[in-house]
Amino acid sequence: MPEIGGRNIMIKEEFNQAVERLDETYRGLDSREIFIREFVQQKMNQFKNKEDLPGDRISYQSGKKEIHNLTKAMKKPYFGSVRLTHDDETTETEYYFGKHGIINHDEDIVVVDWRMPIAKIFYNYFSESPDQTYKISEDRRAEKVFVHSKSEYEIKNKKLVHMKSEYTDGKKPFEQFGEKADVEFQDLFLKRLFEDQTSSGYIKEIIATIQKEQYEAIRLPISENLIVQGVAGSGKSSVALHRLSHLMYNNPALPAEKFLVIGPSALFIKSAVDLLPELQIQHVPQKTFAYLINEFLSALRKEYNWPAKMTEAPIEKLWHNGVSVMDTFKNSKTFTKMLEEYINCEALLYEQLLSTPIDIAGQKISPDEIRRLYDEFLFLDFPQRTEKFIQRLISYGRDMIDIEIKKHEGMIYNFKKTFISGNKMTKLRESALLKDIDHLLELKKSTFAEEFERFKKQVKNQLQTQNSVNFYQSFLQSKNLLEEASIIDKSLPTDLVDSVKKPLDYYDLVCILFIEQKRTLYKTKYTHIIVDEAQDLSYMHLSILNLMSQSITLLGDTRQHLIENYGFSDWNDLNEIFGQQIKKLEFKTSYRSTQEIIKVSNKIFENVKIKEDNVVPVTYLGVPVQYYQTLHSSDFANICKEKLDDWVTKKYRIAIIHNSEGKAQKLAGYLKDELSFPIEYINQQSESFPQVSVLSALNCKGMEFDAVLLANVDEQTYPSGKRNAKLLYIMATRAQKELCICYYQKPSELLNGLIEKRKLAKNVDIF
């Protein structure tokens, strides 16, 4: 809080100066907007009168874009500033940072775009670290600066309502408010974060509140691979999209199509849709892995008539039934490496086939000539190379047949000229003889045509490569793979061979996509891929994405790795895919949930002795977590009604979470009949967020709600164990503000040490 006396006066003066600076900024914005609008109108008139010059269209588009940015900047021109001295100067310079860069009438920069390199100073500065550096570009030397102070601003309705400053020179930091001091918050960051925190269910823009560890992930160069291990609520999904915006801004030559965001579900992708225009990344493709399979295997999918559902990972089935030995093997590093080796050997084995001469029309095409034709297409990837080579070889054979036909036509012509023309025979006899000779020539041509068809069939049988499906099935029966499989499980070789005769499944399609990518020479379709919930993808999945892109950003949480023998519980396994150069960052702080909710999630892990550091909550106190014991079947709806009455009045987004899809669907139907609230069952394929959602535990990953009610967290539904502890951790941390836990008769041992006071309610048998 501000001190009394002289310091209080000094603070007031500094705040007033900031107010004057903001007013000056708005006057400049108004002036600039008038100028640009007049400029744009002038260009429109020139277009209308057909008086435009080369370059006017570009200027017009630039003007339209600036008007758009100015309109957005009017709400909050900037959120922070730093006062610094450059290494080779003595004069202090002040830089203001905003969500959009702003220039004045003289084309001077008034507000620096948050994605510019110098913004690193704002995000990294603390009073204990005044010496800062930044690079204008990666190939330039680092610029050194000394930072004197940093200020943060909260602007509403064009008024400065809150200011916080931190100094290097020994002056104490201060906060000043336009109307009154806020005694509940000691940090502007926390004030911004919690002041108006009703959840929208959508990923949030965090430009003004990016923390140091988050900024380190955002600004990493595009060429570097990155893995972010972030606890629930650490903002990793937001960081992913802000990183994408930063990369695109600093690599303007790359079109949006060279980037890709991989999300775990259609619902997750929907949760980011409103943020994309704000970060100017709305044209970047966003896909699920199932969509990638459909896209890259579209031709094979049509050929084999695969159902759409086959491309989706059966997560619910995996959770309840586990992963089979064979499917575990197919997702393993060993299987991926052996398949990669099998693909690498394909070209070498194929080239051995080129050493056999091929007969055609009594002649032989020599191995040297066959090899010469093959080498014409070495610049293509292997499948295209062999396809073009076979076409070329067949064309070469066709040319040899044509030469033979022409030879025979010449022989016939000379025979006719030498022995028929000029002979003293009747016209009738001469005509009959010529007709017989022409018939013999046609018979010979027919023989050559049959020979050519035989030649084509021989070439295709001998040199045609398998499509990826047949190639994969050959691999499943390969000697080396079956020997390796027998070490893991004696029945596994038989299962692999038998699977060739059965319909393909999701795991097979992932392997086939790997084959398609590995066989493709020019496989780096993307410059950078960002993958969220990466812990749920297998070694094979990430190997595919590594083939598709020059670099990658992975975000995930090993605490949320649920399916044993599927996905990643240890990020060190990534080194073999991406190399030792992959950078790893860890986010341990949750900016989503209250301290009370985080205490529950930490205690759940403690109860099963999972060796993880505790999640660190920000200093935000909320209401206590409530626990309800249920005993009977008639009144569970009353519990929901009591909580929903309260939460809907507060305009909360609400989730009621059960442990399986079937139970969640049944519960949603029951509550819709019993209560008057707009309640909907949602899953990962849903594309909208109702105010009250009923969903399964597995489908709630990646989501957030203001208030969450957990159904039947009892010893039968959630027996103690690491797997259920992780699931309950996910469920609990979906809540931002309030959490209510119900259990039937006796709570799960995962809740040991948490339930001090309990409320009695009644249970519904349908669970």
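Q: What makes a residue buried or exposed here?
A: Buried means under 20% relative accessible area, exposed means over 50%, and partly exposed lies in between (1.4 Å probe, protein chains only). This is a predicted model, where local features need pLDDT of at least 70, side-chain atom pairs count only at pLDDT 80 or more, and totals for chains, interfaces and linings use all residues. Residues are numbered from 1 along each chain as its sequence is written, and side-chain values use heavy atoms, leaving out hydrogens and water.

Q: Why is strand β24 called largely enclosed?
A: Strand β24 covers residues 735–744, and nine of its 10 residues are buried, so the rest of the structure largely encloses it.

Q: How do you know that strand β19 pairs with β24?
A: Pairing takes at least two bridges found by DSSP between two strands. Strand β19 (residues 626–630) and β24 run parallel and are joined by five bridges, so they pair. Within this pairing, glutamine 626 stands opposite cysteine 740 of β24.

Q: Why is aspartate 131 called exposed?
A: Its relative accessibility is 61%, and exposed means over 50%, so aspartate 131 counts as exposed.

Q: What makes glutamate 576 and lysine 333 a salt bridge?
A: A salt bridge needs a side-chain nitrogen of Lys or Arg within 4 Å of a carboxyl oxygen of Asp or Glu. The closest N and O atoms of glutamate 576 and lysine 333 are 2.9 Å apart, so the pair qualifies. This pair links distant parts of the chain, 243 residues apart.

Methods: Helix = DSSP H or I, 4+ residues; strand = E, 2+ residues; numbered from the N terminus.
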